[in-house]
Amino acid sequence: MAWRKWNYILHRDVGFACIGLTLLYAISGVAVNHRHDWNPNYRIEKTAAQVAPLASGQVDAAVVKTILYQLGENRVEESFFQPDPENLWIFVDGRVVRVHLATGTVQYERVARRTFWYPLNALHLNQPQGSWTWIADLYAVALAFVAISGLLMLRRKTLRRGLLLTGLGVVVPLVFILFFLQ
Amino acid sequence: MSRVIVALILVAGLLLPGLVLAKTFGKGVTVKEATAISVLLDSPRTYVGKTVKVTGMIVDVCESRGCWLAVAGDRPYEQIRVKVTDGEIVFPLEARGRKGEFQGVVEMFELSREQVIEQRKHHADERGEAFDPGTVTGGETIVRLRGLGAEIPGV
């Protein structure tokens with residue numbers, strides 16, 4: 001039958017077109033699923049340092065400069081904030097220097113985007129929005145087509161196995177919806 | 001077939017500019033006049049449920065999901081948190097230290113001591129830091145913005 005031939009051709013070609021995005025969503029999916037175990041977007045390095053202790057209370061830009069000088073930072077412009085009189089946070093080019101004034105202990109936090117994972121995860125979570133929403137929607141429709149056209153490819157020989165595996169794929173999320181999300 | 005592939009590449013090229021991460025987050029900022037964070041913290045009940053704009057330096061960002069940020073207040077030691085729906089808006093960690101404009105609906109929560117402990121423990125876990133529940137002496141009133149949009153130059 002002609003429709004079977006077209007169903008096969010479209011299933012195959014749309015499937016080929018979906019490979020890239022399927023891999024992207026699959027790889028990134030595993031990464032973001034385990035965000036409790038690691039940060040999939042950033043590599044955050046925290047190191048300790050020490051500066052001379054200072055009196056607690058409100059500090060000014062001159063004090064901040066002195067602290068940065070002790071840490072070997074030669075920045076002229078910087079932003080800083082005190083969450084309370086004991087602590088000082090200094091922001092230097094995306095890095096954060098957290099100083100405990102009374103003890104002079106410093107936590108130096110350097111942040112770097114994960115070159116491979118960040119863009120993948122950003123696309124997975126539709127961070128760019130705009131035109132990427134259209135691409136992701138198109139991909140979703142294509143994936144649905146691949147699924148339905150795959151079902152239509154079932155023949156007598158593979159009917160039982162096909163229905164069994166399809167049923168399994170439906171039952172697993174249903175079990176979670178019924179027993180774990182109520 | 002090769003013409004189809006070339007056409008697809010051209011279409012992708014046209015769509016690429018949309019992939020550049022914009023400095024506008026969510027619905028952006030449309031409210032004209034900013035409300036001082038100190039005013040929100042002093043009289044939150046006046047503003048609960050209202051959409052406001054605040055401005056200030058970003059002093060903290062959710063490390064794991066980018067689902068909230070904290071903006072420094074206009075008085076010492078004060079900050080307000082802007083919480084957004086996970087995935088709808090993702091604030092980059094690099095935004096810390098930058099100044100921005102934020103629009104959102106004012107929310108207020110009365111938290112018991114147990115809830116404060118739970119919340120601080122959660123934030124400490126996010127940072128991988130230790131947390132001592134003994135530092136929490138009682139309940140707290142939390143004032144925050146349910147973030148709808150933001151403008152952060154340079155991120």
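This is a predicted model: local features need pLDDT of at least 70, side-chain atom pairs count only at pLDDT 80 or more; totals for chains, interfaces and linings use all residues.

Begin by selecting residues 2–33 of chain A, which form helix H1, together with residues 117–124 of chain A, which form helix H3. The two helices pack with their axes 9 Å apart and at an angle of about 100 degrees; since angles of 65 to 115 degrees count as such, H1(A) and H3(A) are therefore roughly perpendicular to each other. To see where they meet, show the side chains of A:Leu24, A:Tyr25, A:Ile27, A:Ser28, A:Gly29, A:Ala31 and A:Val32 on H1(A), and those of A:Trp117, A:Leu120, A:Asn121, A:Leu123 and A:His124 on H3(A). Coloured by class, this contact has eight nonpolar and four polar residues, with no charged ones.

Followed from the N terminus, the elements run α-β-α-α-β-β-β-β-α-β. Of the 155 residues in chain B, 27% count as buried, and 71% of its contacts with a separation of 6 or more are between residues 24 or more positions apart.

Finally, turn to the largest nonpolar core, which has 44 residues, and select A:Trp89, A:Ile90, B:Leu69, B:Val71 and B:Ile80, those with the most contacts inside it. Strand S3 of chain B, residues 68–72, gives this core its largest share, five residues. Which residues does B:Leu69 contact beyond its neighbours within four places in sequence? They are B:Ile58, B:Asp60, B:Val61, B:Val82, B:Phe91 and B:Ala95.

Key: Residues are numbered from 1 along each chain as its sequence is written. Chains are lettered from A and ligands numbered from 1 in the order in which they are written. Axes are lines fitted to C-alpha atoms, for helices over the stretch in contact, and angles run from 0 to 180 degrees between N-to-C directions. Helices (H or I, at least four residues) and strands (E, at least two) are DSSP runs, numbered from the N terminus. Angles under 35 degrees count as roughly parallel, over 145 as roughly antiparallel, 65 to 115 as roughly perpendicular and the rest as oblique. Two residues are in contact if their C-beta atoms, placed from the backbone, lie within 7 Å. Ala, Val, Leu, Ile, Met, Phe, Trp, Tyr, Cys and Pro count as nonpolar, Asp, Glu, Lys and Arg as charged, and the others, Gly among them, as polar. A residue is buried if 20 or more other C-beta atoms lie within 10 Å of its own, exposed if 12 or fewer, and partly exposed in between; C-beta atoms are placed from the backbone. A nonpolar core is a set of buried Ala, Val, Leu, Ile, Met, Phe, Trp, Tyr and Cys residues joined through C-beta atoms within 7 Å.
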